Amino acid sequence: MARILIVEDSPAMRAYVRSTLEDCVLGLAGDVDIVEAMSGFDALRLLPRGAFDLVITDINMPDINGLELIRFVRQSDRYRRVGILIISTQATERDVQRGLKLGADGFLPKPFTPEALRDAVVACLDGRAQRAEARDAPPDAAGDGAAPPPPATAAAADTPPPPAVAADAPPPAAGSDPAPARKPRHPGSPEGGGG
């Protein structure tokens, strides 16, 4: 059974996340036990009351915000192995990187579909299980020394890869150097563009 703590100040969003997780088949063994917290402070009060597999948290909340909650969880020996998924309207690349750098396992921008939430939760729980197995395995048990998978971000999954401009360019002629990039000249600049 997976035990999930939803930390969200919006009652409507908490209800949406809860009902989505209760209605979805997560592909997990057993049922899902869901506990709700209406703030980061409330989450700190609830964390000691049981072992959680995943914390789903918003960033913008009164009292203790989601980033402060993540920092606390990751610095605590007791909770540092708990998976963390951020759900937030603050979804700029800077916000995503900040949350992941603090130790979140995934980031799901609001608004999101039930399927996107389910996929993000499963990815966080699977990643947590893989990290636990790797931690408990003897050194070099995998034999390849591979690093664990990077944190999951729903935004990255929906983004097409960047165009391969360099791969489509013709190769330079034999014996020739590629032309150096030129700086634009501006009137009055010391590079001789002014006059």
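Student: Which residues does threonine 57 touch, not counting residues up to four places away in sequence?

Tutor: This is a predicted model, and the contacts are computed from it. Threonine 57 lies in strand S3, which covers residues 54-57. Leaving out residues up to four places away in sequence, threonine 57 touches Val7, Gly66, Leu69, Ile70, Ile84, Leu85, Ile86 and Ile87.

Student: Is threonine 57 buried or exposed?

Tutor: A residue under 20% relative accessible area counts as buried. The relative accessibility of threonine 57 is 0%, and therefore this residue counts as buried.

Student: How many helices and strands are there in the chain, and in what order do the elements run?

Tutor: From the N terminus on, the order is β-α-β-α-β-α-β-α-β-α-β-α-α. In total, the chain has seven helices and six strands.

Student: What percentage of the residues of the chain count as buried?

Tutor: The accessible surface of the chain is about 12100 Å², and 56% of that surface belongs to carbon and sulfur atoms. The chain has 195 residues, and the share of them that counts as buried is 35%.

Student: What does leucine 5 contact beyond its neighbours within four places in sequence?

Tutor: Leucine 5 is one of the residues with the most contacts inside the largest nonpolar core. Beyond four places in sequence, leucine 5 is in contact with Val35, Glu36, Ala37, Ala43, Leu46, Leu47, Phe52, Leu54, Val55 and Ile56.

Student: How many residues does the second, separate core have?

Tutor: This second core is separate, and Val17, Leu108, Val121 and Leu125 are among its residues. Its number of residues is 18.

Student: Why is H3 described as roughly parallel to H4?

Tutor: Helix H3 covers residues 66-75 and helix H4 covers residues 93-102; their axes come within 9 Å and cross at roughly 20°. Angles under 35 degrees count as roughly parallel. The crossing angle therefore makes the relation of H3 to H4 roughly parallel.

Student: Which residues of H4 do the residues of H3 meet?

Tutor: By class, the contact of H3 with H4 has three nonpolar, one polar and three charged residues. On the H3 side are Leu67, Ile70, Arg71 and Arg74, and the residues they meet in H4 are Arg98, Gly99 and Leu102.

Student: How far apart are the C-alpha atoms of glycine 103 and arginine 71?

Tutor: Glycine 103 is in the loop between H4 and S5. Not counting residues up to four places away in sequence, glycine 103 touches Ile70 and Arg74. Although glycine 103 and arginine 71 are 32 residues apart along the chain, the separation of their C-alpha atoms is 7.4 Å.

Student: Where is alanine 37, and how far is its C-alpha atom from that of aspartate 9?

Tutor: Alanine 37 is in strand S2, residues 32-37. Its relative accessible area is 0%, so alanine 37 is buried. Alanine 37 and aspartate 9 are 28 residues apart along the chain, and their C-alpha atoms are separated by 7.7 Å.

Student: Is methionine 61 buried or exposed?

Tutor: Methionine 61 is in the loop between S3 and H3. Beyond four places in sequence, its contacts are Val7, Glu8, Asp9, Ser39, Gly40 and Gly66. With a relative accessible area of 10%, methionine 61 is buried.

Student: What is the phi of aspartate 63?

Tutor: Most residues other than glycine have a negative phi. Aspartate 63, in the loop between S3 and H3, is exposed because its relative accessibility is 65%. Although aspartate 63 is not a glycine, its phi is positive, at about 65°.

Student: Is the peptide bond from lysine 110 to proline 111 cis or trans?

Tutor: Most peptide bonds are trans. Proline 111 is in the loop between strand S5 (106-109) and helix H5 (114-136). The bond from lysine 110 to proline 111 has omega near -5° and is cis.

Terms used:
Residues numbered from 1 in each chain as written. Predicted model: local features only at pLDDT ≥ 70, side-chain atom pairs only at ≥ 80, totals over all residues. Heavy atoms only, no water. Axes fitted to C-alpha atoms, helices over the stretch in contact; angles between N-to-C directions. Helix = DSSP H or I, 4+ residues; strand = E, 2+ residues; numbered from the N terminus. Parallel < 35°, antiparallel > 145°, perpendicular 65-115°, else oblique. Contact = heavy atoms within 4.5 Å. Nonpolar A, V, L, I, M, F, W, Y, C, P; charged D, E, K, R; others polar. Buried < 20%, exposed > 50% of the residue type's maximum accessible area, 1.4 Å probe, protein only. Areas by Shrake-Rupley, 256 points an atom, 1.4 Å probe, with all protein chains shown as cover. Core = buried A, V, L, I, M, F, W, Y, C linked by side-chain atoms within 4.5 Å.
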